[in-house]
Amino acid sequence: MARVRPSIRPTETYTEPNFLRVHTAAAASGDARVATIEHLAYSAADGKDRAGWRCQTIVDGEVMSKDDALFIARNYAQQNDIPVIYECHSE
């Protein structure tokens, strides 16, 4: 099961090469929240491809609660052998 690391800061350096990033923020309309879940993975240079980060968006700006976003992230991480989930929640 993936480890959840709470409260990342925008300036934080990621130490894991393969993780999910869960971000929720207050929606424009009342109590609702908007969630974005991304899978980030770092690949080292292998002779034909350059080193770099790859980002795949799993959920993009969907209205849901923090708990629902983390539920989706945990299940996705488990199914895809992703070891860490970073979470960030804005007001």
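Mentor: Start with the surface. The protein exposes about 5900 Å², and carbon and sulfur atoms supply 48% of that area. Keep in mind that this is a predicted model.

Trainee: What is the order of the elements from the N terminus on?

Mentor: The order is β-β-β-β-α-β. That comes to 1 helix and 5 strands. Of the 91 residues, 33% count as buried. Among contacts with a separation of 6 or more, 55% join residues 24 or more positions apart.

Trainee: What makes S5 mostly covered?

Mentor: In S5, 5 of its 6 residues are buried. Cys88 is buried, because its relative accessible area is 17% and the cut-off is under 20%.

Trainee: How do you know that S2 and S5 pair?

Mentor: Pairing needs at least two bridges. S2 and S5 are joined by 6 bridges, so they pair, and they run parallel. Arg21 stands opposite Tyr86 in S5.

Trainee: Why is the contact between Glu38 and Arg21 called a salt bridge?

Mentor: The closest N and O atoms are 2.6 Å apart. The limit is 4 Å between a side-chain nitrogen of Lys or Arg and a carboxyl oxygen of Asp or Glu, so the pair qualifies. Glu38 is in strand S3 and Arg21 in strand S2 (residues 18-26), 17 residues apart, so the pair links distant parts of the chain. By this rule the count comes to 1 salt bridge.

Trainee: Are those two partners buried or partly exposed?

Mentor: One of each. Glu38 has 16% relative accessibility, so it counts as buried. Arg21 has 22%, so it counts as partly exposed. The line between the two labels is 20%.

Trainee: Why is Arg33 called buried?

Mentor: Its relative accessibility is 14%. Buried means under 20%, so the label holds. Arg33 is found in strand S3.

Trainee: What makes the approach of Arg33 to Thr24 a polar contact?

Mentor: The side chain of Arg33 reaches the backbone oxygen of Thr24 at 3.4 Å. The limit is 3.5 Å, so the pair falls inside it. Leaving aside neighbours within four places in sequence, Arg33 is also in contact with residues including Ala25, Glu62, Met64 and His89.

Trainee: Where does Ala35 lie, and why is Ala35 called buried?

Mentor: Ala35 lies in strand S3 (residues 33-43). Its relative accessibility is 0%, so Ala35 counts as buried. Beyond residues up to four places away in sequence, Ala35 touches His23, Thr24, Val59, Asp60, Gly61, Glu62, Met64 and Ala69. Ala35 and Val22 are 13 residues apart in sequence and 7.2 Å apart in space, C-alpha to C-alpha.

Trainee: How many disulfides does a search of the whole structure find?

Mentor: The search finds 0 disulfides. A pair of cysteine sulfur atoms would have to lie within 2.5 Å. Cys55, at 44% relative accessibility, counts as partly exposed.

Trainee: What makes the phi of Asp81 worth a remark?

Mentor: Phi of Asp81 is near 55 degrees, a positive value in a residue other than glycine. Most residues other than glycine have a negative phi. Asp81 is found in the loop between helix H1 (66-79) and strand S5 (84-89).

Trainee: Why is Asp81 called exposed?

Mentor: Its relative accessible area is 67%.

How values were computed: Residues numbered from 1 in each chain as written. Predicted model: local features only at pLDDT ≥ 70, side-chain atom pairs only at ≥ 80, totals over all residues. Heavy atoms only, no water. Helix = DSSP H or I, 4+ residues; strand = E, 2+ residues; numbered from the N terminus. Buried < 20%, exposed > 50% of the residue type's maximum accessible area, 1.4 Å probe, protein only. Contact = heavy atoms within 4.5 Å. Areas by Shrake-Rupley, 256 points an atom, 1.4 Å probe, with all protein chains shown as cover. Polar contact = N/O pair within 3.5 Å; in protein donor to acceptor, adjacent residues only side chain to side chain.
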